[in-house]
Amino acid sequence: MKQLSGLDATFLHLETSAQFGHVSSLSIYTRPDSADYRPYEAWKTQLQRRLHLLEPLRRRLAEIPLGLDHPYWVEDPAFDLDFHVRHTAVPPPGTDDQLAALVGRLVSRPLDRRKPLWLSYVIEGLPDRRFAVLTIVHHATIDVASGVELMTLMLDDSPEGGAAPPEDDRWTPERPPGDLEMLARGALGLARKPARGLLLAAWSAREIGRATRNPVLVRTANDVRRSLRGPLGTVLNLGRHRPEEPDATPAVPSVRPPRTPFNGPITPHRKLAIRSTSLDVVKQVKSALGVTLNDVVMAACAGGLRTFLDRRGALPADPLVALVPVSVRTGEESDRWTNRVSMLSAVLPTDEPDPVRRVRRVHDSMSSSKEIFSALPAERLTDFAEFPPPAVFARAMRLSARLRLGSRLTPGNLVISNVPGPRTPLYAAGARLEHYFPVSTIVEGQGLNITVQSYLDRLDWGLVSCAELLPDVDVLLGDILGEIDTLAAAAGVAAAAPGAESAAPAPGRLSRARGASARAGQ
């Protein structure tokens, strides 16, 4: 058994009838040249051969009575692959809009906590010998970085596939723990939390003291840490060290978000917009303007949002605020199937009419936010979820979700995430992966999420919105991609030629070519 971290458990506690904790991906494949190829059977066989590599797929939750501690993962003794792999289709002609509408409905449902927290839908009915696979996984199980790793483990590097790595031993499920055993585990974990919380507070105080050059904070924190050294510190895993922080103290920007039509109470219903764009154009734009790929993507989002909101007479005078997920993985984690992610906020200059100046302001805002983010190490922020009494912590999280505090106290207007993906082709049972569209989650008060995933020489865009707050999210995506054309023209870069790719070629306002791509953090 493995225990969920405090951050993992948070994604469970925040779920309501309208707010879900799962994240998804929509993969588009081209079938191999085989008349009898059946996508559903092929995909299920592909997963069956690799289940021993995909630890998150066979484990379910084991709750501790009375909520004394965070739940555990236990291998499901009743695991049934047929329950998790499902078959559906869109009606011909299988357009992007039809596919997006179906996916929006499928992700608008909670996952069954009595089972392993994932589902996979094989979707047929697409033109040009294509089919899609929608995979839904709970955020308590993986973060974005480990989700990309999970995807690569599911797939092959060549159309021939080859044999999956052999399983060391035949898999046998764990014995489900009894209530007394779980109570004992909960009591032991609860006893450790006060000292760990004290040390975490001391670590944080010391690092804030260094960042602000406050000797009193540093000296007090070091006294606390010294008092917890020795055998007790070893037991509590307190021996971690971190290099000195830079002396410069960054200025903290104002990040109070204005209100927009998509900042309000969300419903369970989701809308999805998907498009694929060229990577090369954005690379040329970022080189011409001397910024990063991520700066160009963020600036395109700012320009698209400005156009979209202004058209509706809903553009705030103040700039919007974007929340940007940041992976804090070091590569040395003992458990890769857990959440190691934090969040920074950045000003999104929707108040700036000039597209090039928007790019410059995004660059400055992201640089400032990263300095502030590094002043207190992100791993400390995620560790703060570990030491509150879990029963109290869970109740507080659920209460905040039920009271919809996010609608009143939201720290940002939307989430923008840019995820690096594979640069070589991948295959599933002989079918070539063509696109990998992210389908992320929205939270109370933030009815819009923009996530982009790079794959090969393209960037696949997935915009998810609350259907009631932002029903025409496809129009917003068109405005964002149109902004890339504007930036390309301003930078003297030739835009992509007409006929850009989409998941399922179809007529309509989003079928013409648009802009470009970026890797996360660049």
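This is a predicted model: local features need pLDDT of at least 70, side-chain atom pairs count only at pLDDT 80 or more; totals for chains, interfaces and linings use all residues.
Figure 1. H10 covers residues 293-311, and its first and last C-alpha atoms lie 27 Å apart. That is close to the 27 Å expected at 1.5 Å a residue. Take a look at what comes after the helix as well: Gly313 follows H10 and has a positive phi, near 65°.

**Figure 2. The open sheet S1-S4-S3.** Here you can follow three strands, paired in antiparallel fashion, in the order S1-S4-S3. Strands S1 (2-3) and S3 (59-62) are at the edges with a single partner strand each, so one side of each has no neighbour in the sheet. S1 is joined by two bridges to strand S4, residues 72-75, and the two run antiparallel.

**Figure 3. The open sheet of six strands.** The order in this sheet is S5-S6-S7-S2-S13-S12, and its pairing is mixed. Which strands stand at the edges? They are S5 (85-89) and S12 (427-428); each has a single partner strand, so one side of each is left without a neighbour in the sheet. For S12, two bridges make the link to strand S13 (residues 431-439), and this pair runs antiparallel. Ala428 is placed opposite Ala431 in S13.

**Figure 4. A cis peptide bond between Pro92 and Pro93.** The bond joining Pro92 and Pro93 is cis, with omega at about 15°. Pro93 belongs to the loop between S5 and helix H4 (96-106).

**Figure 5. Asp128, a residue with positive phi.** Most residues other than glycine have a negative phi. Asp128 is not a glycine, yet its phi is positive, at about 60°. You will find Asp128 in the loop between strand S6 (118-124) and strand S7 (130-138). Is Asp128 buried or exposed? With exposed meaning over 50%, Asp128 counts as exposed because its relative accessibility is 51%.

**Figure 6. Leu456, in the loop between S14 and S15.** Leu456 has a positive phi of about 55° although it is not a glycine. The strands on either side of its loop are S14 (448-455) and S15 (458-466). Since buried means under 20% relative accessible area, Leu456, at 12%, is buried.

Terms used. Residues are numbered from 1 along each chain as its sequence is written. Side-chain values use heavy atoms; hydrogens and water are left out. Two strands pair if DSSP finds at least two bridges between them. Helices (H or I, at least four residues) and strands (E, at least two) are DSSP runs, numbered from the N terminus. The expected span of a helix is 1.5 Å times one less than its number of residues. Buried means under 20% relative accessible area, exposed over 50%, partly exposed in between (1.4 Å probe, protein chains only).
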